[in-house]
Amino acid sequence: MVREAATILAQCDVGIANVEWLRVSAPSRYLDFSTPVSRELAISAPVRRPAIYLVRNTLARPPFQAEAIGRGNSRTRPEMADTVWITAGTRDPGIALAHELAHVLMNSGEHSDEPDNLMRDETTGANTRLSVKQCTQLRENARGNGLLEP
Ligand SMILES: [Zn+2]
């Protein structure tokens with residue numbers, strides 16, 4: 001999943017230099033994504049950002065298979081900024097991870113209508129491209145938010 005996401009993000013000259021895997025033992029109520037509970041998890045087990053949480057399911061409504069929390073949609077939940085939450089049932093998880101990471105890195109919830117674009121709201125095997133403009137936005141905003149090393 002990480003390798004596939006890294007291959008997709010490489011078109012923007014962005015690489016994943018290292019990944020730290022953490023397995024957290026927690027009460028079962030933390031297994032499913034929901035803002036109030038997942039927020040507690042993010043506070044009690046702080047990790048470097050961007051952070052990817054692999055969760056069982058989501059209690060959020062509407063129930064997105066995967067979710068990104070950037071700076072723009074974390075004002076009421078700042079401890080969740082720069083995180084991605086991927087549920088076990090996510091289709092095309094490598095592409096979904098790249099899509100959600102791109103939301104975080106670009107600090108944008110915007111979707112694209114361009115054919116085959118990674119940021120179409122539907123993540124499928126064909127949707128992996130990023131435009132030059134998206135790549136520029138991704139690098140600049142990620143660097144500005146301290147999520148990208150020089
Ligand atoms: Zn999206």
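**Burial, ring pairs and a disulfide in a predicted model**

User: Why is Gly 70 called buried?

Analyst: Gly 70 has 7% relative accessibility, so it counts as buried; the term means under 20% relative accessible area, with exposed over 50% and partly exposed in between (1.4 Å probe, protein chains only). This is a predicted model, in which local features need pLDDT of at least 70, side-chain atom pairs count only at pLDDT 80 or more, and totals for chains, interfaces and linings use all residues. Residues are numbered from 1 along each chain as its sequence is written, and side-chain values use heavy atoms, with hydrogens and water left out.

User: Where is Gly 70 placed, and what is it in contact with?

Analyst: Gly 70 is in the loop between strand S4 (66-69) and strand S5 (83-87). Strands (E, at least two residues) and helices (H or I, at least four) are DSSP runs, numbered from the N terminus. Leaving aside neighbours within four places in sequence, Gly 70 is in contact (heavy atoms within 4.5 Å) with Ala 81, Asp 82 and Asn 107.

User: What makes Phe 33 and Trp 85 a tilted pair?

Analyst: Rings of Phe, Tyr and Trp (its six-membered ring) pair if their centres lie within 6.5 Å; planes under 30 degrees apart count as stacked, over 60 as edge-to-face and the rest as tilted. The count by this rule is two aromatic pairs. For Phe 33 and Trp 85 the centres are 5.1 Å apart and the planes at 55°, so the pair is tilted. Phe 33 lies in strand S1 (residues 32-33) and Trp 85 in strand S5, so this pair ties together parts that are 52 residues apart in sequence.

User: Why is the pair of Tyr 53 and Trp 85 called stacked?

Analyst: Their ring centres are 3.9 Å apart and their planes at 5°, so the pair is stacked. Tyr 53 lies in strand S2 (residues 51-55), and the pair therefore ties together parts 32 residues apart in sequence. Phe 33, Tyr 53 and Trp 85 form one aromatic cluster. Relative accessibility is 2% for Phe 33, 11% for Tyr 53 and 1% for Trp 85, and each value counts as buried.

User: How do you know that Cys 12 and Cys 135 form a disulfide?

Analyst: Their sulfur atoms are 2.0 Å apart, and a disulfide is a pair of cysteine sulfur atoms within 2.5 Å. A search of the whole structure finds one disulfide.

User: Why is the disulfide of Cys 12 and Cys 135 called left-handed?

Analyst: The torsion about the S-S bond is about -70°, so the disulfide is left-handed. Both Cys 12 and Cys 135 are buried.
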